[in-house]
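Me: I am new to reading structures. Please walk me through one, feature by feature.

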Amino acid sequence: MTSEKKSIEGLVAGCIGSVVVAMLYAFLLSVMGIRACNPIYIFVIGVICGTIGQLGDLAESLIKREIGVKDSGNLLPGHGGFLDRFDSILFNMTFFFLLFAVVNIF
């Protein structure tokens with residue numbers, strides 16, 4: 001168990017939220033007349049970002065639990081620290097760098 005405050009509902013809500021934001025982004029681009037990529041790709045990217053973001057949060061919580069600290073910094077006391085604001089973004093950036101730059105999927 002990595003954290004007692006994590007739940008299945010939070011996992012599902014995070015993934016759904018990621019997909020909704022990705023599809024809203026695709027919609028706004030189309031309204032502005034900017035053709036991005038296929039909306040199905042954007043949907044899949046939303047699912048992947050939601051999932052990878054959850055994994056990043058869990059990994060950072062596990063690291064903090066293993067070294068015995070509650071907060072990863074004092075900048076935002078009571079909020080888990082600085083890294084809690086960016087753990088999912090760091091994992092997503094790494095994943096998409098590998099996906100686009102190294103594997104060159106698109």
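**Reading the helices**

Reply: Start with helix 2, residues 39-67. Its 29 residues reach 42 Å from first C-alpha to last, close to the 42 Å expected at 1.5 Å a residue. The expected span is 1.5 Å times one less than the number of residues. Helices are DSSP runs (H or I, at least four residues), numbered from the N terminus. This is a predicted model: local features need pLDDT of at least 70, side-chain atom pairs count only at pLDDT 80 or more, and totals for chains, interfaces and linings use all residues. Residues are numbered from 1 along each chain as its sequence is written, and side-chain values use heavy atoms, leaving out hydrogens and water.

Me: Which residues are buried in helix 2?

Reply: Buried means under 20% relative accessible area, exposed over 50%, partly exposed in between (1.4 Å probe, protein chains only). Among the buried residues of helix 2 are Ile42, Gly46, Gly50 and Gly53. Just after helix 2, glycine 68 takes a positive phi of about 80°.

Me: How do I read an aromatic pair?

Reply: A pair of aromatic rings is described by the distance of the centres and the angle of the planes. Rings of Phe, Tyr and Trp (its six-membered ring) pair if their centres lie within 6.5 Å; planes under 30 degrees apart count as stacked, over 60 as edge-to-face and the rest as tilted. The count here is 1 aromatic pair. Phenylalanine 95 and phenylalanine 96 have ring centres 5.2 Å apart and planes at 85°, so they are edge-to-face.

Me: Is phenylalanine 96 buried or exposed?

Reply: Phenylalanine 96 counts as buried, at 12% relative accessibility. Phenylalanine 95, at 30%, counts as partly exposed.

Methods: Helices (H or I, at least four residues) and strands (E, at least two) are DSSP runs, numbered from the N terminus.
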